[in-house]
Amino acid sequence: MLPPVPSLADYGISPDYGFLSPEPPLETLPDLYYAKWEAVVANLQPLLLSKRIRQVVDRLPILSTEHLHTDAEWRRAYVVLVFMLHSYVWGGERPAERIPPQLTVPLFAVCERLEVPPVATYAGVCLWNYKPIFPDEPADSLSNLACLQTFTGSLDEQWFYLVSVAIEARGAPSIPLMLQAITAARLGKTRVVTECLQRLAEILDEITSLLQRLYENCDPYVFYNRIRPYLAGSKNMGDAGLPQGLLYDDGRNPPQYRQYGGGSNAQSSLIQFFDIVLGVEHRPTGVTRQDRSTAPPTEDAPKSRHGFIHEMRAYMPGSHRRFLEDVDSIANIRSFVQARQSDPALRLAYDACLSMLRNMRDKHIQIVSRYIIVQSRGARRASQSGQAPPAMNLATVVPTDSKKLRGTGGTALIPFLKQARDETGEPAIDAWARRLLSNSPGVLDSVALSKIGEQPDGHLEIVGLCGSWKADDSEGGICHW
């Protein structure tokens, strides 16, 4: 017997708002017991500017979570605490390795309730960190969104988060749509599946248009040097000053080092939902399709060796993670299309979805090129000339070995991003679609960017006034899809 198609209400997911909450997140915690927390985050920018954030946090009382009641209050507490946490870690000349009980004790309790790790996640900086300017207007419009909390107070940082919020809102209708398609496929209703896929392709195209609006109000220099360092986690951050990660001290048990990736758009349940329903499989970075198909099965093979995308599910709210796992167990669209290859409208609709999803990943590679690779070259030149600022963080510490340059999620991104993009086209049904969506030399690549371009052989070339240079494959990473 087939497992039932998931009901969105069982996972706290809205058919209209998707993984966003139907009610706007709380702007402040209503109980005055938490006024000291709210006072710190309300003054985060001056505290960071004056480098007094740590001494202020160290003087806070250890507050209990017993006065948090509603889901909205628990989420607001999480946002407040992780913004304080990352400010504490990265708000000095060197990163703070030890996290005091004033943060650790309540943060552990909040994270246990929400089923998220004690680090800033996509949920904390995007899903639970926005408000509509006018409540009666839609949340998928960037002209109607504002941010509740930022590290820098800049328009650039707000815009960076809000583009993702708008994408989540715009993509929300695709969730019930594709559950309908899965149900229709079970019943053999080809026309319904075709119509659902056609609408999904349109939604993916709209999402890509929203993604490209990042350029409007988020300056690459500001992002790389001012915003991105605060989003960094503690995993693979040895060069940035955290060789063992963070020492979480709860004041009761012996402190333990922990390492977590930072905020990443790979933690978006919506983007992973698209992959699952379309049958896109992602492998560990560097593992090819041929490697996986020819590898002999062994009993001792590490079952946990998933790719970065799969690992990022551990950073999603627990209910969202379980939803993806349950959808994964019933996904049937690709097998349905493959069994009906004689239907041209169905094949075309499915391949169009893959094309739109791959195009979105193409555009994201362009964003990484502009916001990370070009900016990291400037940081390296400044470091070599002795002009780098004294503070140690993800932006100012440039490793001598460029292959160690890390993204906020703790991984080298260009190989990951390119492989994820190429894997998106692999399930294509029609031969013409497989050729178009492949990354073979001679195939017209959809990435075409003035001054920054990806060549047919996969390398990134940046053209400047004095010539051109090539980006190292392992450099990266913005928060990633």
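This is a predicted model: local features need pLDDT of at least 70, side-chain atom pairs count only at pLDDT 80 or more; totals for chains, interfaces and linings use all residues.
View 1. In soluble globular proteins, nonpolar side chains tend to be buried together. Look around Phe323 and you will find Pro6, Leu8, Tyr11, Ile13 and Phe19 touching it, along with Ile175, Leu179 and Phe273. That list leaves out residues up to four places away in sequence.

**View 2. His364 in helix H17.** The helix that holds His364 spans residues 344-384. In the unreviewed UniProt entry, the annotation "binding site" covers His364. Is His364 buried or exposed? His364 counts as buried, because its relative accessibility is 2%, below the 20% cut-off.

**View 3. A nonpolar patch on the surface.** Leu436 belongs to helix H19, residues 431-436. With a relative accessible area of 42%, Leu436 is partly exposed.

**View 4. The salt bridge between Asp249 and Arg98.** A search of the whole structure finds 18 salt bridges. In the one shown here, the side chains of Asp249 and Arg98 meet at 3.1 Å, N to O. Asp249 lies in the loop between E4 and strand E5 (256-258), while Arg98 is in strand E1 (residues 98-99), so the pair ties together parts that are 151 residues apart in sequence. Asp249 counts as buried at 12% relative accessibility, whereas Arg98 is partly exposed at 37%.

**View 5. The salt bridge between Glu216 and Arg213.** The closest N and O atoms of this pair are 2.8 Å apart. Glu216 counts as partly exposed, at 46% relative accessibility. Arg213 is partly exposed too, with a relative accessible area of 30%.

**View 6. The salt bridge between Arg283 and Glu426.** The side chains of these residues meet at 3.0 Å, N to O. Where do the partners of this pair sit? Arg283 is in the loop between helix H12 (269-278) and helix H13 (289-294). Glu426 is in the loop between helix H18 (413-424) and H19. The pair links distant parts of the chain, 143 residues apart. At 10% relative accessibility, Arg283 counts as buried. Elsewhere in the view set, salt bridges that share partners join Arg358, Asp362, Arg421 and Asp422 into one network.

**View 7. Positive phi at Lys51 and Asn236.** Most residues other than glycine have a negative phi, and most peptide bonds are trans. What is the phi of Lys51? The angle at Lys51 is near 55°, a positive value in a residue other than glycine. Lys51 has its place in the loop between helix H2 (44-49) and helix H3 (53-58), and counts as partly exposed at 43% relative accessibility. Asn236 also has a positive phi, near 55°. This residue is found in the loop between helix H11 (220-231) and strand E4 (246-248). Asn236 is partly exposed, with a relative accessible area of 38%.

How values were computed. Residues are numbered from 1 along each chain as its sequence is written. Side-chain values use heavy atoms; hydrogens and water are left out. UniProt positions are given in the numbering used here, feature names are shortened, and annotations may be inferred rather than shown by experiment. Helices (H or I, at least four residues) and strands (E, at least two) are DSSP runs, numbered from the N terminus. Buried means under 20% relative accessible area, exposed over 50%, partly exposed in between (1.4 Å probe, protein chains only). Patches are made of residues with over 30% relative accessible area and no salt bridge: like charges are joined within 9 Å, nonpolar side chains (Val, Leu, Ile, Met, Phe, Trp, Tyr) within 5 Å. Accessible areas come from the Shrake-Rupley method with a 1.4 Å probe; for residues, only the protein chains shown count as cover. A salt bridge is a side-chain nitrogen of Lys or Arg within 4 Å of a carboxyl oxygen of Asp or Glu. Contact means heavy atoms within 4.5 Å.
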